[in-house]
Amino acid sequence: MKQLPSYRILENLSKQAKDRHLASLFGDDTNRFEEFNVKLPGLILDYSKQNLTAEDRQSLLNLAEEAKLTEWIEKLFTGEKINHTEGRAAGHTFLRDLADPKAEVSEQWAKMEELVERVHTKQLRGYSGKAITDVVNIGVGGSDLGPLMVTHALKGVRSPLAPELHFVSTLDGKQLQRLLKNLSAETTLFIIASKSFTTIDTLSLAKTAREWVESFSPTQAGTMQHFIGVSTNAPMMQEWGLLPEHQLLFWEWVGGRFSLWSTIGLTIALQQGMQGFKAFLQGAHEIDVHFRTTPFKDNVAVMLGLISVWNINFLNLAGQAILPYDSRLKYLASYLEQLVMESNGKHVSRSGEMIDYRTCPILWGEVGPNAQHAFYQLMHQGTERVMSDFILYAEASGKSERHTFHHHLNIANCLAQSRALMVGKTDDDPNKDYPGGQVSNTLLFDKLDAKHLGMMIALYEHSVFVQSVIWDINPFDQWGVELGKKIALEIFQKIEAKDTEGLDSSTQGILQSIWKTQNEN
């Protein structure tokens, strides 16, 4: 990135930006919003509250051209192996093209639709002949965060035929055990969601679930009626004992954090029906087309990505807050933490060289009203400069006068906070002084439904890709995740053998303390 001609220009421009107060940009231009927003059907990105001038923006657009962003976008959509460290394409966008799907994708959609139909029509029955009423998704990372976030967000518009959905991801067992106490083995279906079908966390939880069903079911055949597998690894699903008609596939070219668009999204389809799931895909596809075909200045994903580069690399902002003003998006920040930080938390360029610039924000967030009474204090009066994304919906979640009242109050809170962070407030009492100057985007969607949620997720995916191109990194591998898994297995084997030889003194000391406590109790 530093070798690109516009980098030096942006460095110089950033010196001016650091010396000006964000609010002054509105004083200089009372119609600033008109110049610094991007619109498409169902969505507005307002980035007027960024510390950014038209000259700054043009230099960012030049930087994108110099980084060959257009070529990289085409590589993404044409299926080139841009995940070069694993020799794979990043093909999640193929899953969203319903007009021209791959043959193998169509085959799995048909199989998934059949399973959804069987559950919805009470034809999928357990060992005792009773219909399935509850579905438990067992998975970690991308096999949990995406489906959990989406199904929670869309719970209010679920199909009347949908089963109750539950999600289990923690290996300590308490989450699953608490859940099983309130479920009936006769009417519970488990989805084992694992890309490799070798993840020890997921398989351990699945084994516990199978033992629970087996304690009630009189036959093995009856037990397996209660399990569906979703994986790229058909042989391992077969070895586990899953029925052929209960095995759904996806592919190595679908990364885990992008897998909610694949059969990993089975819980979404169970909740929304296959038609609702396809509306979710369609919303994402509309963003795909927009991202691929729209000039950069009018491209929502490109501008969102370039603004982050400006803030991170030129204004030295390390933190990013995700602030949805809708309780239905309770799990959005957790989902985006994985999408953003697992994708771009890299320190090596595509050519294998160490990088000497930031490549990823530290991202966190919370539903806005809760956040106002938690970490907004840091944003208003702390020593950290933070960039924020406010997310808002034009339509209320209900039609009643009370719904409208609460929605208007919610809008007022959101707009008040973004304005207060921008303008600040001076006071003779330093304890009551607000510096202001905190930058933010506002993403305004028409409503929260499957289509618009698909649009939002795809928008963030592509903004992350834009950042990766500018930073010259591979956003589709995650080697940093693998080391911890490997060491965890080694330590687990040490625990089973009650052996600490070869471990560091800290790990030895903690294990010895655990064993002492266990022996005493």
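Which helix gives the largest share of the lining of the largest cavity? Helix 18 does, with four residues.

1. Ground rules. This is a predicted model, where local features need pLDDT of at least 70 and side-chain atom pairs count only at pLDDT 80 or more, while totals for chains, interfaces and linings use all residues. Residues are numbered from 1 along each chain as its sequence is written, and side-chain values use heavy atoms, with hydrogens and water left out. Helices (H or I, at least four residues) and strands (E, at least two) are DSSP runs, numbered from the N terminus.

2. Strand 10. Buried means under 20% relative accessible area, with exposed over 50% and partly exposed in between (1.4 Å probe, protein chains only). In a regular strand, side chains alternate between the two faces of the sheet. Here both faces are covered: one side has Val386, Ser388, Phe390 and Leu392, the other Met387, Asp389, Ile391 and Tyr393, and all are buried.

3. Its partners. Strand 10 pairs with strand 8 (residues 319–324) in the parallel sense, over six bridges; pairing takes at least two DSSP bridges between two strands. Gln320 is the residue opposite Met387 of strand 10. Strand 11 (residues 440–445) also runs parallel to strand 10, and six bridges join them. There, Asp389 has Asn441 as its bridge partner.

4. The crossover. Going from strand 10 through helix 17 (residues 401–423) to strand 11 gives a right-handed β-α-β unit. Right-handed means that, with the strands pointing away from the viewer, the path from the first strand over the helix to the second runs clockwise.

5. The largest cavity. Three cavities of 30 Å³ or more turn up in a search of the whole structure, and the largest has a volume of about 80 Å³. For the method: on a 1 Å grid over the protein atoms alone, a cavity is a set of points where a 1.4 Å probe fits but cannot get out, and a pocket is an open set with protein on both sides within 12 Å along at least five of seven lines; lining residues have an atom within 4 Å of a point. Grid points are joined across faces, edges and corners, and a volume is the space filled by probe spheres set on the points. Gln320, Asp389 and Asn441 are among the residues lining the largest cavity, as are Tyr460 and Gln467. Helix 13 (300–314) and helix 18 (450–471) are the elements giving two or more residues to this lining. By class, the lining has five nonpolar, six polar and one charged residues. Ala, Val, Leu, Ile, Met, Phe, Trp, Tyr, Cys and Pro count as nonpolar, Asp, Glu, Lys and Arg as charged, and the others, Gly among them, as polar.

6. The second largest cavity. This one has a volume of about 60 Å³. Helix 18 again gives the most to the lining, with four residues. The lining includes His92, Phe258, Glu461, His462 and Val464, and Val464 also lines the largest cavity.

7. The largest pocket. Its volume is about 1,200 Å³. Of its 43 lining residues, Val140, Thr199, Ile200, Asp201 and Lys485 lie nearest its centre. Helix 9 (200–214), helix 14 (332–344) and helix 19 (479–497) each give two or more residues, and the largest share, 11 residues, is from helix 19. By class, the lining has 16 nonpolar, 16 polar and 11 charged residues.

8. The second largest pocket. About 370 Å³ of space lies here. It has 16 lining residues, with Tyr325, Asp326, Ser327, Ser397 and Asn410 the closest to its centre. Helix 17, the helix of the β-α-β unit, gives the most to the lining, with six residues.

9. Buried residues of helix 1 (residues 5–19) include Tyr7, Leu10 and Leu13, and what covers the buried residues of helix 1 includes helix 4 (54–66) and helix 13. Leu148, in helix 7 (residues 145–153), is buried with a relative accessible area of 18%. Beyond its neighbours within four places in sequence, Leu148 is in contact (heavy atoms within 4.5 Å) with Phe167 and Tyr331.
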